[in-house]
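User: I am new to this structure and would like to go through it step by step. Please show it first.

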Amino acid sequence: MKIAILSRNAKLYSTRRLIEAAEARGHEVHVLDVLRCYMNITSLKPEVHYKGQVLTGYDAVIPRIGASVTFYGTAVLRQFEMMSVYPLNESVGISRSRDKLRALQLLSRKGIGLPVTGFAHRPDDVDDLIKMVGGAPLVIKLLEGTQGIGVVLAETEKAAESVIEAFLGMNANILVQEFIKEAGGADIRCFVVGDKVVAAMKRQGKEGEFRSNLHRGGSANLIRITPEERAAAVRAAKTMGLNVCGVDLLRSNHGPVVMEVNSSPGLEGIEKATGKDVASMIISFIEKNAKLGKTQTRGRG
Ligand code: ADP
Ligand code: MG
């Protein structure tokens, strides 16, 4: 097969591993910098150009689109979909997962376990917002945050009120969430490929830290997940319409709750913590599923 990887940097661990795995299985792989792709959207003849050439003959495209280039990146991917090239994840699924509110709304509609969550832009009654999610302690998140930055634990209602007011004063969209204390500063990353969790790791925040992000000093270890957790992760992936994703769960005393679904999950952490060859599993999934025109939306939506 001829496979394109949409990635801004061929040297990143995840990109390198995907190239390695694809080449080892006899495929031809090209890394395309998504921002350098340009497009012709003439009626009925969609094309993608790259460095003066028209791209043709691709069987599959693997999107590894960074959060900062979601808008342009998904447009390029949609163009490949319109050309009937099989996308590992469709543009629609990626857009859904990048918008945290949209993602939570979709998951809640399907009855998937979630922390009790409220979101707000400029509420007149902050007290009511706090009560709505069960009062303090609670977690307040900036919608645009990643790597744990912009996630705050407010232990008391007074603290919650002042943090919420500070964020709202900055005109930010925020999410207010029940604090899952019993998670003990840990979360579980389930790596989903197709309809299976192929690897799972537990990330534990450093001493005294409720955030488990590796960027905040957390550590990762192999973990055995329960059938209920497995089912929740697979359902979350299906709901988002993603073939490959990282589903982050918290172990709450009302069962597993989904915190977020990542459509370009990194391979380094999960491969090192579990010793599994996740890159080859992804390529093997593409081999089984990539057929021209098999993209469900063909760029619709
Ligand atoms: P980011 O997108 O910045 O990683 P997350 O929503 O994943 O933000 O939150 C960062 C970390 O904070 C999570 O990995 C988890 O360990 C912890 N955390 C987030 N929300 C909650 C919550 N409601 N209850 C307990 N811990 C939480
Ligand atoms: Mg996170």
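User: How are α3 and α4 oriented to each other?
Analyst: This is a predicted model, in which local features need pLDDT of at least 70, side-chain atom pairs count only at pLDDT 80 or more, and totals for chains, interfaces and linings use all residues. Residues are numbered from 1 along each chain as its sequence is written, chains are lettered from A and ligands numbered from 1 in the order in which they are written, and side-chain values use heavy atoms, with hydrogens and water left out. The axes of α3 and α4 (residues 100–109) cross at roughly 100° and come within 5 Å; axes are lines fitted to C-alpha atoms, for helices over the stretch in contact, and angles run from 0 to 180 degrees between N-to-C directions. Angles under 35 degrees count as roughly parallel, over 145 as roughly antiparallel, 65 to 115 as roughly perpendicular and the rest as oblique, and α3 and α4 are therefore roughly perpendicular.

User: Which residues of α4 make the contact with α3?
Analyst: Helices (H or I, at least four residues) and strands (E, at least two) are DSSP runs, numbered from the N terminus, and contact means heavy atoms within 4.5 Å. On the α3 side the contact is made by Val-92, Ser-95, Arg-96, Ser-97 and Arg-98. The α4 side consists of Lys-100, Arg-102, Ala-103 and Leu-106.

User: How many charged residues does the contact of α3 with α4 have?
Analyst: Ala, Val, Leu, Ile, Met, Phe, Trp, Tyr, Cys and Pro count as nonpolar, Asp, Glu, Lys and Arg as charged, and the others, Gly among them, as polar. By these classes the contact of α3 with α4 has 3 nonpolar and 2 polar residues, and the charged ones number 4.

User: Are α2 and α3 roughly parallel or roughly antiparallel?
Analyst: The axes of α2 and α3 (residues 91–98) come within 9 Å and cross at roughly 160°. That angle makes the two helices, α2 and α3, roughly antiparallel.

User: Which residues of α3 meet α2?
Analyst: From α2, the contact uses Thr-70, Thr-74, Leu-77, Arg-78 and Glu-81. Its classes are 2 nonpolar, 4 polar and 3 charged residues. From α3, the residues are Ser-91, Ile-94, Ser-95 and Arg-98.

User: How are α1 and α9 placed relative to each other?
Analyst: The axes of α1 (residues 13–24) and α9 (residues 278–289) cross at roughly 60° and come within 8 Å. The contact is made by Arg-17, Leu-18, Ala-21 and Ala-22 of α1 and Ala-279, Ser-280, Ile-282 and Ile-283 of α9. The orientation of α1 and α9 is therefore oblique.

User: What is the volume of the largest cavity?
Analyst: A cavity is a set of points, on a 1 Å grid over the protein atoms alone, where a 1.4 Å probe fits but cannot get out, and lining residues have an atom within 4 Å of a point. The search of the whole structure finds 1 cavity of 30 Å³ or more, and the lining of the largest cavity includes Leu-18 and Ile-282. Grid points are joined across faces, edges and corners, and a volume is the space filled by probe spheres set on the points. For the largest cavity the volume is about 50 Å³.

User: Which residue does a cis peptide bond join to Ala-136?
Analyst: At this bond omega is about -5°. The second residue lies in the loop between α5 (126–132) and β9 (138–142). The residue joined to Ala-136 is Pro-137.

User: How far apart in space are Lys-2 and Tyr-58?
Analyst: Lys-2 is in strand β1 (residues 2–6). Lys-2 and Tyr-58 are 56 residues apart in sequence. C-alpha to C-alpha, Lys-2 and Tyr-58 are apart by 5.0 Å.

Key. On a 1 Å grid over the protein atoms alone, a cavity is a set of points where a 1.4 Å probe fits but cannot get out, and a pocket is an open set with protein on both sides within 12 Å along at least five of seven lines; lining residues have an atom within 4 Å of a point.
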